[in-house]
Amino acid sequence: MRILLVEDDPIIAMGLREGLLRERMQVDHVVAAEPAEQALLLTAYDLAIVDIGLPAMDGLELIRRVRRAEVRIPIMILTARDALDDRIVGLDIGADDYLVKPFPLPELLARIRALIRRGCFAAGSELTYGRLSLNLATRQAMFAEQALELSGREWAVLEHLMLAAPRVMLKNKLVESLSSWDSELTANAVEIYVSRLRTKLSACGMHIRTVRGVGYRLEESERAS
Amino acid sequence: MRTLRRRLLLALGVPLLALLAFSMWLDYRTAALLADDINDHNLNAVAVTLAEHLEESGGGQEIELEVPEINPLTDDSPIPDQTAFALVATSGRLIAGDPAMAALADSAGTADGRHHDALFQGRMFRVASYRAHLSREEATLAVAQTTASRDAAIMPIFMRSLWPNILQLFTTLAIIYYGVQRSLRPLATLGARIAEHPVTDLQPLSMHDVPDEVAPLVESINQLIGDLRHKGESQQALLANASHQLRTPLTRLQTQLELLADTLGEDARQRFVPLMETSRQLSHFTHQMLVLTRSARDADPFHEFQPTDLAALLEEAASHFLDAALAKDIDLGFEPATAVVPGSAWLLRELLANLLDNAIVYAPVAGHVTARCGTQVSGEVMLEVEDDGPVIAPEVRERIFERFVRGADTGTPGTGLGLAIVAEIAKRHGAEVRLIQNYSTGIGKRFQVVFPTPRRGHRHAEA
């Protein structure tokens, strides 16, 4: 994974770089928007982390420009301003997620992993979460080295949970997207698929947590209680 | 109601009515004088004719005189006029005529061709005096006629000039009324425009079509709007700056601490945990201070109020608060139902976050926290967060929404700003925060935020 970090504060940049390196990600760091624009146009990064408050051209303008140039990689915004407008504008012009400083480093890393996962899914290659992976081409679900037998609906549920993780997958969204995928589906039916999937995954050290009244979250068992 | 229109109509109408009264009086006087003049002219003619007769006859002892018929001024006279005359010598001797009239002739005798009104035998007479030159002596001839036909003639003359006067006056009043209405229309339009002017956008009022007289007023309003806007903008700049200046070093600190923590041995790590916790608390407090400052209207007048889906905020919060709840083994649940209010999504997200923070902190380990939203039958939209922690003691209950006031249990982490933020944001949305507690068991409380029911013609929730 190759990541471009655009951050003008040297100490924050140093910390983020080290955090990302520990996750075995390659990091290129630039301190201004202008070289970042060049780098994004010339190099195939998997993700960009962009601080909004940059010296000359700001981060929002950078995102606007690279999106106009058809650069489709996931972009994560960091901001030290708490004004909502920045965040909304950021997401509107094509950023994929944002974090307000200061943030816990693990949260940034989890969000980045989720963005990269979604990036891979969008590219149609592979969807991975922890040691679980879905090969989108062969439609083969793998845990570690073992193949998992999943029905079509179970696959679809797992795909949605993996895409949402570490966020909660809303149950009504799940019902909605599974219904459009095939015929009408009830909430009860979705519960049954989730329950079957839960049984199959428990053997792999994965856990589907029910969040009362809202939906489900896929977790690695270390996190599960 | 002292409207400008009423003032103008009163100020113009009352003097005009007074003017009408005066003009009527004047008209009456003119009519009376005119009737007098014509009457006097007729009397004169009679007097002259009589005098000529007298002079021709030489003023002998037995003068037989017939008073000629006098043309009445009007046929409307209720009673026919009586005529009388007297010829009185300078010596005062009555030469001919009605002896009772001698006194009148005498008194009038000093002048020639004079007319005056006089009471005679209980009736009002008009008397014309004329100097007659008789062969033997000088004499005064007085011809008198009752005034019935003259008086009766005044009214028709008066009426003839009255009608045009009244017509003119009411036409003038109508023109004034219409003119006032029409001239005041720009004011009414301006008033409506000011009333419709949204409070939040702080745009100056347009000077287009503003009458010169009220232009200074509109200019001062614009000046005020400009000042407010300027103040808001500088506050914004200050806050943005402060936010950046506080958040950047905190990010440096927290990132480095977290990286360091991973490399430490178990012993050093034990000492390190409180340090990291302190850094997180500092970050949290900074965020809360900034939110509290920004949620106040005077610091940030620019929040755009848009239809905001509370259910979506609840669903979003599920991802953010799940781990904090799991850390205390709390069962965090949500009951989102249709609930849309005009508001600022950012502020409402902070409101919910503070309620959830609070509930998770005060709920017991392995307790329950539930966030709900919905629309009640009355149309009221509510958002509430329930926890099964202990109730808040009545003596602090009233003060929990104040800044830096905390419940009795100070052993729990918290800044004392959370509920102040909730109160401030609720106020900004015109919403009411209620605390519903289960006093019978002493366990369980709900913070309920009730939003105002949308009214017709309701422009802004914060209005």
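Tutor: A salt bridge is a side-chain nitrogen of Lys or Arg within 4 Å of a carboxyl oxygen of Asp or Glu. The model here is predicted.

Student: What makes Glu18(A) and Arg22(A) a salt bridge?

Tutor: Their side chains meet with N to O at 2.7 Å. The cut-off is within 4 Å, so the pair counts as a salt bridge. The two residues are four apart in helix H1 (residues 10-22) of chain A, which means a separation of about one helical turn.

Student: Why is Glu18(A) called partly exposed?

Tutor: Glu18(A) has 33% relative accessibility. Buried means under 20% and exposed over 50%, so Glu18(A) falls in between.

Student: How do you know that the pair of Asp331(B) and Arg212(A) joins two chains?

Tutor: Asp331(B) lies in strand S7 of chain B, and Arg212(A) in the loop between strand S11 (206-211) and strand S12 (215-220) of chain A, so the pair joins two chains. The closest N and O atoms of this salt bridge are 2.9 Å apart.

Student: What makes strand S7 (331-336) of chain B an edge strand?

Tutor: Strand S7 pairs on one side only, as does strand S11 (432-437) of chain B. The open sheet has the order S7-S9-S10-S12-S11 in chain B, with mixed pairing.

Notes. Residues are numbered from 1 along each chain as its sequence is written. Chains are lettered from A and ligands numbered from 1 in the order in which they are written. This is a predicted model: local features need pLDDT of at least 70, side-chain atom pairs count only at pLDDT 80 or more; totals for chains, interfaces and linings use all residues. Side-chain values use heavy atoms; hydrogens and water are left out. Two strands pair if DSSP finds at least two bridges between them. Buried means under 20% relative accessible area, exposed over 50%, partly exposed in between (1.4 Å probe, protein chains only).
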